[in-house]
Amino acid sequence: MSTYLLEMRDIVKRFPGVLAVNKAQLTLYPGEVHCLVGENGAGKSTLMKILSGAESLDSGQIFIDGNPVQIQSPHHAQLLGISMIYQEFNLSPYMSVAENIYLGREPRIGKTPFIDWRRMYAESRVLLQKMRIDIDVRRPINTCSVAQQQMVEIAKAISRNARIIVMDEPSATLTDHELEALFELIRELKTQGIGMIYISHRLEEIFQIGDRVTVMRDGQYVDTNPVHALDKEQIIRRMVGRDLTEEFPKEIFPIGRERLRVENLTRHGVFENISFSLREGEIVGLTGLVGAGRTEVARAIFGADPIDAGRIFLDGAEIHVRTPQDAIRQGIGLLTEDRKNQGLILAMTVRENTTLANLKTLVRFLFIDRHREREVTEKYIRELQIKTPSTEQIAQNLSGGTQQKVVLAKWLFSQSKILIFDEPTRGIDVGAKVEIYKLMNELLRKGVCILMISSELPEVLGMCDRILVMHEGRLAGELTRAEATQEGIMRLATGAGVPTKTT
Ligand SMILES: Nc1ncnc2c1ncn2[C@@H]1O[C@H](COP(=O)(O)OP(=O)(O)OP(=O)(O)O)[C@@H](O)[C@H]1O
Ligand SMILES: [Mg+2]
């Protein structure tokens with residue numbers, strides 16, 4: 001057996017009240033894609049932050065090419081050839097692609113302090129060509145798509161001689177098409193002997209791109225296997241420690257009266273003439289390709305963006321929603337897809353975030369009933385299996401998926417009548433997804449209606465009663481639960497027309 005490019009042995013990392021990583025291990029061969037999976041809060045990101053020098057370790061050993069190393073800082077990790085691609089990219093928005101790649105190391109003209117632009121552009125072009133990335137190197141980075149920015153980040157890592165690249169949920173914000181391009185790039189890097197660690201909650205991806213898979217549970221190492229030796233169920237069992245009986249625990253409720261209706265909602269250039277209704281007891285899916293305008297429709301109903309035309313009715317009466325505060329007052333809640341920036345206040349505690357949208361119900365004699373507040377929060381921590389040492393943990397210190405659960409708790413507690421969920425299970429582990437679906441059933445039972453925006457077709461097919469499909473800012477069609485198929489949705493979403501009905 002050849003020597004490992006990387007070996008992490010018995011890594012331990014403790015935070016106040018949390019044993020985040022408990023004797024974890026990981027090995028990586030040159031040219032290997034090693035998938036790292038586990039539930040929310042299992043310690044994946046923390047283990048990778050230790051590798052990239054962003055966190056220190058309490059104990060354990062790291063070897064590169066068989067030699068022990070002590071990683072002191074992100075800069076030191078970079079010198080050792082380790083690079084981590086974060087979800088929030090470290091790019092300078094107004095600079096070009098080339099400038100970003102060479103930031104801080106720009107080639108100079110001779111011994112002068114002047115940047116050799118020609119050489120910088122030429123070298124970046126060669127680099128991108130070598131990686132088969134087709135982006136104009138002079139383009140300002142803020143005009144590139146998220147997927148392109150991610151590729152530039154990877155190019156930057158390669159230009160700094162990275163041999164180990166960590167990708168922490170790189171696919172979360174990519175379209176299918178972009179994901180395929182990322183996989184192409186990963187395959188190319190494999191041939192160059194680069195080792196990659198790939199974290200994702202979308203287990204299908206493991207089978208598409210991974211060589212080996214390591215499972216972590218509660219900070220601990222479970223095991224490592226070649227990808228082809230396991231199937232999805234076996235991976236899930238290792239992650240959650242039990243079998244998942246039902247992936248989509250859909251309950252059908254009697255459909256009641258209409259609660260929300262939107263008529264001809266229009267925002268010029270973004271979406272046109274959107275009309276639909278939501279009735280008691282149903283989950284309506286809103287799907288389509290990324291960029292079709294789904295999130296924009298949700299934001300308009302929630303009062304976060306203005307509309308040019310159209311009307312919104314709640315329980316038969318027209319309402320005018322000009323701000324999110326208006327919407328919340330009317331009983332409409334929106335779980336945004338961009339939770340970090342819009343859903344959570346990172347500096348506040350789990351308790352404060354949970355009760356934020358409905359504090360008034362906790363007020364007694366002008367004061368907030370702290371005891372009740374804590375009880376409420378504890379209830380959601382139990383129900384959603386929110387991994388936190390206490391109600392008083394700062395949201396910033398929670399794992400990515402756990403933060404999303406807190407935003408969900410906030411909207412569950414808000415007592416909204418209409419809930420719009422934008423990609424509610426993105427970044428959420430398989431076990432917790434099922435819990436969230438069960439909570440949706442509970443909400444329906446209480447008469448809430450749900451509009452669920454989702455790009456994950458199995459989820460849409462598994463949980464929705466009706467499915468609206470958008471294509472380029474318009475409603476391309478509506479399918480009932482019975483008639484919807486993956487193929488039918490894709491036809492509508494890509495503008496290929498109405499699917500032929502099967503019986
Ligand atoms: N800076 C910190 N302070 C306190 N606790 C932390 C800190 N960073 C992480 N943790 C805790 O360490 C544990 C592991 O978190 P980590 O982010 O590594 O999980 P993860 O496996 O990446 O989860 P996810 O799939 O949700 O991203 C969690 O309980 C988390 O709350
Ligand atoms: Mg993480």
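Colleague: Where is Asp315 found?

Modeller: Asp315 is found in the loop between strand S14 (309-314) and strand S15 (317-319). Please keep in mind throughout that this is a predicted model.

Colleague: What is the phi of Asp315 like?

Modeller: Asp315 has a positive phi of about 50°, although it is not a glycine. Most residues other than glycine have a negative phi.

Colleague: Let me switch to the ligand. Which residues come nearest to ligand 1?

Modeller: Of the 18 residues around ligand 1, the nearest are Phe15, Ala20, Ser45, Ser399 and Gly401. Strand S2 (18-28), helix H1 (44-51) and helix H14 (400-413) each supply at least two residues of that shell.

Colleague: How many of the residues in that shell are charged?

Modeller: Two are charged, while eleven are polar and five are nonpolar.

Colleague: You mentioned H1. Which strands does H1 touch?

Modeller: Six strands form an open sheet with mixed pairing, in the order S6-S7-S8-S3-S9-S10. Strand S6 (82-85) and strand S10 (220-226) stand at its edges with a single partner strand each, so one side of each is left without a neighbour in the sheet. From one strand to the next the twist averages 20°. H1 packs on this sheet, where it touches S3, S6, S7, S8 and strand S9 (212-217), and its direction makes about 150° with that of S7. Helix H5 (residues 146-159) lies across S6 and S7, running at about 170° to S6.

Colleague: How many residues of S8 are buried?

Modeller: Strand S8 (residues 195-199) has five of its five residues buried. Both of its faces are covered, with Gly195, Ile197 and Ile199 buried on one side and Met196 and Tyr198 buried on the other.

Colleague: In what sense does S8 pair with S7, parallel or antiparallel?

Modeller: Strand S7 (residues 164-168) and S8 pair in the parallel sense over five bridges, and Met167 stands opposite Tyr198 in S8. Between these two strands the chain passes through helix H6 (residues 176-191), and this β-α-β crossover from S7 to S8 is right-handed. Strand S3 (residues 33-37) also pairs with S8 in the parallel sense, over four bridges, and there Leu36 stands opposite Ile199.

Colleague: New topic, the sheet with S16 in it. What is the strand order there?

Modeller: The order is S16-S19-S20-S13-S21-S22, in an open sheet of six strands with mixed pairing. Its edges are strand S16 (332-335) and strand S22 (474-480), each of which has a single partner strand, so one side of each is left without a neighbour in the sheet. The twist in this sheet averages 20° from one strand to the next.

Colleague: How many bridges join S21 and S22?

Modeller: Strand S21 (residues 466-471) and S22 pair over six bridges in the antiparallel sense, and Arg466 has Thr480 of S22 as its bridge partner. Helix H9 (residues 294-301) packs on the sheet, touching strand S13 (283-288), S16, strand S19 (418-422), strand S20 (449-453) and S21, and its direction makes about 150° with that of S19. Helix H15 (residues 430-445) packs on the sheet too, touching S13, S19 and S20, with its direction at about 145° to that of S20.

Colleague: One last thing, what about the hairpin of S4 and S5: which residue takes a positive phi there?

Modeller: Asp65 does, with a phi near 50°, in a hairpin that has two residues between the strands. S4 and strand S5 (residues 67-69) pair in the antiparallel sense over three bridges, and Ile62 has Val69 in S5 as its bridge partner. Strand S4 (residues 59-64) is also joined by five bridges to strand S1 (residues 6-15), which runs antiparallel to S4, and Glu7 has Phe63 in S4 as its bridge partner.

Definitions and conventions. Residues are numbered from 1 along each chain as its sequence is written. Chains are lettered from A and ligands numbered from 1 in the order in which they are written. This is a predicted model: local features need pLDDT of at least 70, side-chain atom pairs count only at pLDDT 80 or more; totals for chains, interfaces and linings use all residues. Two strands pair if DSSP finds at least two bridges between them. Axes are lines fitted to C-alpha atoms, for helices over the stretch in contact, and angles run from 0 to 180 degrees between N-to-C directions. Two residues are in contact if their C-beta atoms, placed from the backbone, lie within 7 Å. A residue is buried if 20 or more other C-beta atoms lie within 10 Å of its own, exposed if 12 or fewer, and partly exposed in between; C-beta atoms are placed from the backbone. A crossover is right-handed if, with the strands pointing away from the viewer, the path from the first strand over the helix to the second runs clockwise. A residue is near a molecule or strand if its C-beta atom, placed from the backbone, lies within 6 Å of it. Ala, Val, Leu, Ile, Met, Phe, Trp, Tyr, Cys and Pro count as nonpolar, Asp, Glu, Lys and Arg as charged, and the others, Gly among them, as polar.
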